[in-house]
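Here's a quick briefing to read with the model open in your viewer.

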Amino acid sequence: MEGALHVAPPRWALAAFVRLRSLWQRWFLWLILAVLVSALLVTVVWLAGRHEVEQVQATLDRDTADAVSDLRIGLQRNAQSLRATQVSGVDRTHWPEAAASLLREHREWLRLEWRDAALRPLEAVNTPYRMRLIDDESRGPDQSDVALACAAARKLGAPAYSPSHYVPILGGGGVEVMELCVPIDAGGFLVASYSLRDTLTELVGPTLTRGQEVAFTEADGTRLVALGTSRRTGTRVFTSQQLIDLPGVALMLRVDGWRSAPDLFPNVLTALVTAISIALVSVLALLARDTRRRLRAERDLADALAFRKAMEDSVITGLRARDLQGRITYVNPAFCEMVGFSPEELMAGSGEPIEAPYWPTELAHEYQQRQARRLAGGMPPREGFESVFMRKDGTRFPVLIFEAPLINAQRVQTGWMSAFIDISEQRRIEELSRASQERLQASARLATVGEMASLLSHELTQPLAAIASYATGSLNMLGPHAKGEQAEVAMAVRRIAEQADRAGQVIRSVHDFVRRRDRTREAVAAQALIDAVLPLVRLQARKLGVSIEVVLEEGLPKAMCDRTLVEQVLLNLARNGMQAMDMAESTTGRVLRLRVARVVAVGGSGAEDARRWLEFSVADVGCGISDEVASRLFTPFFTTRADGMGLGLSLCRTVVEQHGGVLMFEPNGARGTVFRFTLPVA
């Protein structure tokens, strides 16, 4: 109406409209969610049914492939069995017996024939399990199926098959037959007639035909023979085909399986399980937040424990905790590795004794007393204390121990915490340092001795030269024709001159030896070396009551050596031997034996490279050498005499080794010692 007023809807109507629209939107969302869930459940049911169908088809295909494989293996085995009747040397007279035996073993064969090269039948045997289906008149050389199979066998040089043909039976019906032709070495053929139905029965087996229909078909799908159960109503057909490619013919093996349609009830149950799972996921989503908080707390605690464990395992200091009763409650891997015991062996039970397995047996009482003082409240020294532990294998090792009371969160002492440091390596380093210091001191003393030797050689040269000059002047004054007492005086003066000259040579040799100068070596007879030292040796021997025995092997060659140094070696060894006999308790039978013999020391790989040596030996019957002294015998400055310097044997070995020889010693029977050294032959 023109001029009418527009009336606004009331407020309650607007609120109702808003609530209705919100409710409609909420229901619409729930409807969409229900549709999506229903679609999901239908999809699950459909996928489950499809998966079941695919599983059935896959199983049928696999069974068909296995059946084809068994069929091929069976046909190949039959051909080998047929050929074996000729390979084994069976002649025509005995062949019917062998063929009859084969027919009894193979029910799939209807007939076996032996034909010549022109395909004329020579011998034939029919199966005993059937009435005679094939007469001899129809099996001539012009039979097409046999001709095709044998032509293929002749061409391939191996067994061949013919296409199947139908053989009628009297009274109606017939049998589908396939011919197998096998060439033989004699130029003929062996022919076997297969019944396709019996072939399915015997070679495919009853397991495949149970609940299925198995058939031979042509390549175009024409069914030849079938075997198995017929299709049931309300079932679904599953078909699988496999090609059987035989020489001369191609067949198809078809397997039809009858399976009822997928059951709806299990699939609906699957869908219900899926729906329940969705509901459970919703419930789990509500618990996820609380679970995440709990896992975060557990993870932080596990990280803290792992961090503490890593720290305890990484330290090389052994850690051990004991309770107030003295039982071990904790050990770290470093402590277990230190003592060789496992944690189970160290941490005893509540009722077991407090004696630790790493306490040495001889110190167990002392350790028990110390542990009793600790449990009584005695505080250990802050700087630690040293002790000795025993490993599982029984070896002892020193340790440095630090102990402190173990206090819990309530400020109550619950036991003792101990830290252990294996100081075996520290002790070894200290021992090496001490040995190195001793070697440095010995080297310093050797250097001092070298300087003294150089100084003495320089200072004694002039007095010795003066002595030699005075001796020469005295000889000149006595004249060459001295007699009586003058002759004896001249002999004594001459000895003085010789010894002065010898002293000068010794000083020069020692000086060159200390300065590492090369000495000129010469060929010297062993007798000359012995004779040079005998006067001085006999002089000392008379004072000590020792007799000298010299033994030289006949025909000895000369030795290539530094004469003066080797004489000093002989003189030093002889003096040592006489001094050893002077220290012995027995005074009877004191004999010093000097012996020179020829030895052969083999070097290289054969006798051609052998080097010839002379062996000098000095044997005494003195007090001998103990094992403790023997280990340090050639050490510089080591001596068993109060007035000795300990350099004699060390210098002797150095001189011998510079000549390429070796100085050694061994017991001289029940008493005394034998020193031997070798020199190269000139």
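Is L119 buried or exposed? L119 is buried, with a relative accessible area of 9%, where buried means under 20% relative accessible area, exposed over 50%, and partly exposed in between (1.4 Å probe, protein chains only). A word on the ground rules: this is a predicted model, in which local features need pLDDT of at least 70, side-chain atom pairs count only at pLDDT 80 or more, and totals for chains, interfaces and linings use all residues. Residues are numbered from 1 along each chain as its sequence is written, and side-chain values use heavy atoms, with hydrogens and water left out.

**The overall picture**

- The protein has 15 helices and 22 strands; these are DSSP runs (helices H or I, at least four residues; strands E, at least two), numbered from the N terminus.
- Of its 682 residues, 34% count as buried.
- Take the contacts with a separation of 6 or more: 59% of them are between residues 24 or more positions apart, contact meaning heavy atoms within 4.5 Å.

**The disulfide and other cysteines**

- The count is one disulfide, defined as a pair of cysteine sulfur atoms within 2.5 Å.
- The partners are C150 and C181, whose sulfur atoms sit 2.2 Å apart.
- C150 belongs to helix α3 (residues 144-156) and C181 to strand β5 (residues 174-183), so the pair ties together parts that are 31 residues apart in sequence.
- The disulfide is right-handed because the torsion about the S-S bond of C150 and C181 is about 100°.
- C150 and C181 are both buried.
- C561 is buried too, with a relative accessible area of 0%, and C652 counts as buried at 4%.

**Where α13 meets α15**

- Helix α13 (residues 563-583) and helix α15 (residues 648-658) have axes that come within 10 Å and cross at roughly 145°; the axes are lines fitted to C-alpha atoms over the stretch in contact, and angles run from 0 to 180 degrees between N-to-C directions.
- The crossing of α13 and α15 is left-handed, a term for a near helix turned anticlockwise from the far one by less than a right angle (right-handed if clockwise).
- From α13, the contact uses L565, V569, N572, L573 and N576, and from α15 it uses G648, L649, C652, V655 and V656.
- By type, the contact residues of α13 with α15 are seven nonpolar, three polar and no charged; Ala, Val, Leu, Ile, Met, Phe, Trp, Tyr, Cys and Pro count as nonpolar, Asp, Glu, Lys and Arg as charged, and the others, Gly among them, as polar.

**The two sides of α2**

- Helix α2 (residues 95-105) has W95, A99, L102 and L103 as its buried residues.
- As background, an α-helix has 3.6 residues a turn, so residues three or four places apart point the same way.

**Positive phi in two loops**

- Most residues other than glycine have a negative phi.
- L119 is not a glycine, yet has a positive phi of about 70°; you'll find L119 in the loop between β1 (109-115) and β2 (121-126).
- R411 also has a positive phi, near 60°, and is a residue other than glycine.
- R411 is in the loop between β14 (396-407) and β15 (413-422) and is exposed, with a relative accessible area of 70%.

- F389, in strand β13 (residues 385-390), is buried at 2% relative accessible area.
- Leaving out residues up to four places away in sequence, F389 touches a set including F335, Y358, Y367, F397 and F420.
- P357 sits in the loop between α8 (343-346) and α9 (364-375) and is partly exposed, at 30% relative accessible area.
- Setting aside neighbours within four places in sequence, P357 is in contact with F341, E345, L346 and M390.
- I467 is part of helix α10 (residues 424-478) and counts as partly exposed at 40% relative accessibility.
- I467 and A500 are 33 residues apart in sequence but 6.6 Å apart in space, C-alpha to C-alpha.
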